[in-house]
Amino acid sequence: MKAVKAVFRNPSLLTFLLVALVWLVASLTLRGFGAYGHLRYLLELAAVIGIVAAGQTLVILMGGIDLSVGAVITVTAILLPLISPAADPTGLVGIVLALALATGIGLLNGAGAAYLRVPPIIMTLAMATFLQGLLVIVAGGSAVTVSNPAVILLGQARPLGIPAGILLWIVVSIVVLLIIHRMPLGARFLALGANPLAARLSGVSVARNTLLLYALSGFFAGLAGILVLGMNRQGYVGIGDPYLLMSIAAVVLGGTSILGGRGTYAGTIPGAILLVTTTALITVVNASPGWRSIMFGSLILALLLISGREARR
Amino acid sequence: MSAVPSSGWLYGAIQRGRNRGLGGLYLVVAAFLVLYAVLFPGILSVSGFSKFTQNWFPLALVTMAQALLMLNGGITLAIGPLVSLGAVIAATTMGGALGVPGGILAVALAGLAIGAVTGAIVAHLRLPAIIVTLAGSFIITGVALILLPRPGGFIPDWLSTTLAGHTPVAFLLLVAILLAWKAFLATPLGIGIYAAGDNPIGAFRSGVPVERVKIVAFALSGLLAALAGLFVAAQTGSGDPVIGTPFTLNSIAAAVLGGVGFLGGKGTMRGAICGSLLLSVMINVMFFLGFPPVAQYVAQGLIIVGAVAVPELLKQWRARR
């Protein structure tokens with residue numbers, strides 16, 4: 001009994017168990033679901049959501065929200081092929097430039113939130129609208145094909161049978177978990193999320209941490225954009241749109257409070273896997289788009305009831 | 001009878017307090033309206049004015065729906081799908097046995113019921129509103145897609161000409177709705193929306209039924225969004241299961257332009273309405289100036305940030321002096 005109670009008090013463990021349960025039941029009832037190749041494919045899809053949600057988790061922990069991640073993914077996926085210099089055979093220069101661009105966009109979000117005092121939800125929303133317009137001007141609405149070798153390697157390579165995207169996600173997970181739980185930086189983010197006034201009075205610089213946080217979120221969204229580009233080999237307007245809501249849902253399903261100050265990336269990881277699994281299961285059931293949409297919404301609500309409840313404040 | 005002048009004085013003071021901080025917004029809206037009238041003098045005729053208010057009307061309704069919840073400390077991401085669902089229900093029921101009154105009733109009941117259920121989930125199950133309405137938006141979109149998989153349906157011609165013809169019916173409806181809102185604010189339930197948004201615990205201890213107020217706020221918000229959908233259906237003459245999509249973000253943008261805060265209890269409905277008017281005029285002006293749709297996105301992003309940042313910077317500058 002004690003063990004059960006401990007699990008229910010620990011949302012990230014609960015979400016992990018939920019994923020294990022869903023995978024077990026689905027493998028036993030659906031032919032082909034439990035195949036190694038299929039599960040690996042699910043993880044590969046979850047890696048993109050997981051990497052975007054890494055930045056989103058940090059931002060939400062500090063009590064903000066980043067609604068521009070979808071647009072940042074699209075910007076990176078479309079601009080990377082255009083800004084990769086042809087003279088560079090490794091393609092790394094293009095990746096660095098694209099990541100710098102994504103981080104810069106995040107920095108602008110942070111500057112707006114920190115210095116102009118625009119609420120983050122509005123600042124990032126306006127940024128997304130702005131980028132959406134800018135992209136159509138730059139790319140003209142057509143799809144671009146990637147020829148950057150490093151990006152294709154990231155999307156297609158499988159060292160030791162494990163897709164590079166999953167390896168990248170593991171690295172990102174370790175870094176983010178270290179930031180949140182082992183570095184003063186993470187403690188500052190959590191303090192700002194729990195009580196901004198108390199944190200400021202204890203000497204935490206709101207402006208500097210806000211800047212850093214949104215820059216990180218932009219960086220991770222850019223990283224996810226490069227991964228998506230490598231997996232699709234094509235970038236087009238709207239490629240990043242689904243990831244905005246997915247990233248927020250993954251964070252909340254992982255038990256992180258949307259109000260900030262409470263949660264961990266360890267919950268977001270199974271949250272991302274759970275989302276991808278849900279989508280895959282719905283695709284298996286042969287239903288019209290309307291019913292599929294209803295099932296997805298109902299499942300998210302049901303999962304929320306298990307792991308996303310806010311404590312009474 | 002000495003209480004009468006003093007209550008009148010109090011009323012004036014409250015009104016002045018509510019208008020404080022909105023002066024800049026009023027000026028900007030007036031400037032845009034003048035610019036619009038100069039660029040497009042047709043607005044000064046009855047028919048031009050009617051057309052202009054018809055473009056504004058659905059945005060005004062969804063902004064009210066959003067502001068209502070933001071004043072209560074919530075938010076909804078299901079505005080767009082609700083508008084679509086309202087349009088779809090209108091277009092599928094008005095050709096049926098009950099005709100137009102039955103269709104209007106069906107739309108209103110659907111909006112109220114969906115809103116109330118969402119509110120009950122948020123209030124009683126203690127789930128965050130942003131994520132419940134996010135999940136709800138998928139479900140509502142699904143229902144709209146099942147009812148009407150592709151644009152179509154039937155709206156009687158006389159309804160379209162009444163609501164979206166050359167008469168300012170839409171504007172009069174808006175005035176009526178605003179008057180109803182003022183009357184509602186005078187009831188304990190109405191003022192409870194503000195109170196519970198500003199300080200839920202304080203409101204609870206003062207006897208405000210915080211949970212019921214939240215459910216009522218969500219239900220009214222659903223009603224307004226669904227009715228906006230009904231109007232859009234009448235305007236276009238048919239139902240479309242995805243026509244409402246842009247309204248979600250525009251409703252938030254308009255409410256914030258109007259000075260409504262995210263944390264509840266801060267802001268006014270008149271501000272939100274002005275915000276929606278500003279957004280609507282802005283889109284119209286850019287259209288007539290021949291901005292490509294893309295540049296409109298860019299300009300819209302810049303203007304929204306500017307509108308929120310400038311008052312804040314002015315406040316900081318004043319505080320420093």
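Predicted model: local features only at pLDDT ≥ 70, side-chain atom pairs only at ≥ 80, totals over all residues.
H3(B) spans residues 46–71, and the pair packs at an angle of about 65°, with the two axes 8 Å apart. Angles of 65 to 115 degrees count as roughly perpendicular, and H3(B) and H12(B) are therefore roughly perpendicular to each other. On the H3(B) side, the contact is made by B:Leu59, B:Val62, B:Thr63, B:Ala65, B:Gln66, B:Ala67 and B:Met70. These residues meet B:Phe247, B:Asn250, B:Ser251, B:Ile252, B:Ala254 and B:Ala255 of H12(B). Sorted by class, this contact holds 9 nonpolar and 4 polar residues, with no charged residues.

Helix H7 (residues 149–156) and helix H8 (residues 164–182) of chain A pack with their axes 5 Å apart and at an angle of about 90°, which makes H7(A) roughly perpendicular to H8(A). Here A:Leu153, A:Leu154 and A:Gly155 of H7(A) meet A:Ala164, A:Gly165 and A:Leu168 of H8(A). The contact of H7(A) with H8(A) divides into 4 nonpolar and 2 polar residues, and no charged residues take part.

Turning to the contact between the chains, 39 residues come from chain A and 34 residues from chain B. On the side of chain B that touches chain A, helix H6 (129–147), helix H12 (247–257) and helix H14 (293–320) each supply at least two residues. This side of chain B comprises 27 nonpolar, 5 polar and 2 charged residues.

Key: Residues numbered from 1 in each chain as written. Chains lettered and ligands numbered in written order. Contact = placed C-beta atoms within 7 Å. Helix = DSSP H or I, 4+ residues; strand = E, 2+ residues; numbered from the N terminus. Nonpolar A, V, L, I, M, F, W, Y, C, P; charged D, E, K, R; others polar. Axes fitted to C-alpha atoms, helices over the stretch in contact; angles between N-to-C directions. Parallel < 35°, antiparallel > 145°, perpendicular 65-115°, else oblique.
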